[in-house]
Amino acid sequence: MPADWHKTACSLCYLNCGLEVQIEDRSITRVRGDKQHPRSQGYLCQKAQRLTFLGNHDDRLTTPLRRRPDGTHEPIDWDTALSEIADRLTALRDADRAAGRPGSLAYVGGGGQGNHSGGGYGKALLSWMGGTRYFNALSQEKTGDFWVNGRMFGDQTCHTAEGVEECDLLVVLGCNPWLAHGFSNARSALNTIKNDPARKMIVVDPRRTETAQAAELHLALRPGTDAYLLAAMIAMIIERNGQDAEFLAARTEGFAEVAEVLGRVPVDAWIAHAEVERTDVERAVDMILDARAMTVRVELGIQQGRHSTLNSYLEKLLYLVTGNFGRVGTNNLHTWLLPLWGNSRGQRSEITGFEYIGGLLPTNTMAEEILTDHPHRIRALWVESSNPANTYADTARVEEAIRACELSVVVDVAYTETAALADYVLPAAAQHEKWEFTLFDFEWPTNYFQVRRPLFEPLAGTLVEAEIYARLFERLGVLPDAATLAELAETARSDRTNLLRRAGEVMSDHPGLAEIVPVLLYRTLGATLPDGAASIAPLWAGCQRLAGRMTTPLQRALGSDSTGPELGNELFDRILASPSGTPFSRHTHDEVWELVKRERVQLAVPELLEWLDRLDPDTERPDPQYPFSLVSGQRRSHNANQILRPPAWRKTDLDGALRVRSADLASIGADNGDWVAVATRTGRIVVRAEVDESMRPMQLALPHGFGMSVPDGQGGRVVNGPRINLITDAADRDPIAGTPHHKDVPVLLEPATAAERELAERDSLRVREVVAATKG
């Protein structure tokens, strides 16, 4: 009899495509696309096929750990761990209040890809501790974009979607959807455009990517010059009077100020600085002006490139000035069930001066917030489902900061590089051992949400994050007594519509409860949910909020005429009962203007127009000491976020090779396959070289998702591939958002020494032995 197929979702990129898997014992054995998934409809990429390696590896944690004085860890029981942590948190909170200082605890987390249910609980702890310093992957990558959205559309939670399926012109800036996806069924969509003579694609990227090979036009600009090229293109559009005057007059304000600044752009000089041909740029402008519906797709190539926030502004000006917004096949805003970030209103860090964007501070500033004598410095660090010791710029400085904390706690499934430095490590259940949800709901005009059911029981000794936090808050003395919790649970079971009202009454009698609503819902509503789904109880509150603020689109999505709390309940129940996911909003295109939080889109952003006005190519020439440009964190066929730790999951590129043109490799006397050194002012790493003629001259690339220390099967540990943040500089960052310039790192390429080659080869062989043992 064939094994049953179980529905779930991918967790390796934010598309979270629907999957079906077969399982045996505690392992996923086969993976296929879920044809019933309402968005991905059976699509499956090459990375998802390797999810058989997710969660089963030798780095899984099965008991809490406490750091000894010598820096090693010893196992302890859950009661001891949570009691000791609660005592230290209470002492820290009391000291903060006595000193009149803001909360000293910082939170790093919010969930990894497809692993989000713990985030609300972790943020509740941060709030209860009086803290505001919150860091996660979004503030490593995206906050410049959020800041621009806030200034242009009126709220930092306004976020754009692309009309890839309906556009007749797709403009791809700084990304490679063939490998990185970013929109639904990316490879199928790209092939459809390529094979349709009525549709075209422009790719702006230094490298001749797989996506660029399928494009009508590829502008292979020099790394770091995106702002110059985009500004020149928009200036040329305005010179030709190609702006959509009717759209601009009806829906925007500030075009005159934008046109004035762009009118001063020395177009030819800036095109020359980008090192592309003027005739190709003119052709791109022709294609844009001829398009019926253009959509622009961007990613980290410009969001972690030079002038990151300015790039995000110019990208939006490109489609707004030409009227490619708010129509079928263009860029639009999208709805949220649970927003991934908030809307900050100008608050700044006392220590670094950086602005909170979306409720977040830049990850690049975390070490500075700790390693300072400022009285309001971070004193304690709570890290959940994150690995800043490996993923934040300037690893050595981040490690120093973690060690300097008075208290550091890691909640994770694996013994990560950050866990190795922490005072306490709390073992969490893995993604497929608990109820989880996808959360990257970026679709328009219909948006979807999926809850993933557990495939396995939690590993013995582990707890789901919700239970970890609930037990912690019990020891902190914050939760009401058992009788009150039981009464709220009964209200949830028999009269869920009135749960919010009754919970509000309880919170008014118990100071501090309002800060930990997710935990309260987990202990009450959660107890009434079927099949152990308690940890997703906070999702119910999101369904109620959506029913109140977006009634008609929700009714359309559900085919319902319910209103108010009953509509919210209906959505929550539908989500629980739909293992392939369900739509939660369905809009008409004209309703996009209901999502814009200003009467008109604000085109003129003074800070960015001033930045644009002072751009000067003469100040941005390559550094002769570090003449190469490194793409730090390239996406490849078999690399992913660090949720996948076992080296055996990689079908290709086991060493995480440096991609480099043959001529550039020959310039240092090296050949394909040699060990070479990549150096910056921050550090030096040794990597295996791999010739790739699709790279631009003087451009190099290293992948993300490597550099992890894994068990070698012989009682030791070995690092798999390049630990690239040993050579990145936290100070090389965007001036507004603090996002790192990871896609244009100035580096020196040189031969490795004999000793470096010997060590690198030894470690590579050890990793291969681990892989062989895993497959054997």
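Two strands are taken to pair where DSSP finds at least two bridges between them. In this predicted model, strand E1 and strand E2 (residues 18-24) are joined by four bridges and run antiparallel.

The pairing of E1 with E2 belongs to an open sheet of three strands, arranged in the order E1-E2-E3 with antiparallel pairing. Strand E1 (6-9) and strand E3 (27-33) each have a single partner strand and stand at the edges, so one side of each has no neighbour in the sheet. On average, and with direction ignored, neighbouring strands of this sheet are turned by 40° against each other.

Nine of the twelve residues are buried, so H18 is largely enclosed by the rest of the structure. Among the buried residues are Glu 465 and Glu 467, together with Ile 468, Tyr 469, Leu 472 and Phe 473. Gly 477 follows H18 and has a positive phi, near 75°.

Attention may now turn to open space in the model. The second largest pocket holds about 510 Å³. Its lining comprises 27 residues, and Arg 222, Pro 223, Arg 306, Glu 620 and Asp 744 lie nearest the centre of the pocket.

Key:
Residues are numbered from 1 along each chain as its sequence is written. This is a predicted model: local features need pLDDT of at least 70, side-chain atom pairs count only at pLDDT 80 or more; totals for chains, interfaces and linings use all residues. Side-chain values use heavy atoms; hydrogens and water are left out. On a 1 Å grid over the protein atoms alone, a cavity is a set of points where a 1.4 Å probe fits but cannot get out, and a pocket is an open set with protein on both sides within 12 Å along at least five of seven lines; lining residues have an atom within 4 Å of a point. Grid points are joined across faces, edges and corners, and a volume is the space filled by probe spheres set on the points. Helices (H or I, at least four residues) and strands (E, at least two) are DSSP runs, numbered from the N terminus. Axes are lines fitted to C-alpha atoms, for helices over the stretch in contact, and angles run from 0 to 180 degrees between N-to-C directions. Buried means under 20% relative accessible area, exposed over 50%, partly exposed in between (1.4 Å probe, protein chains only).
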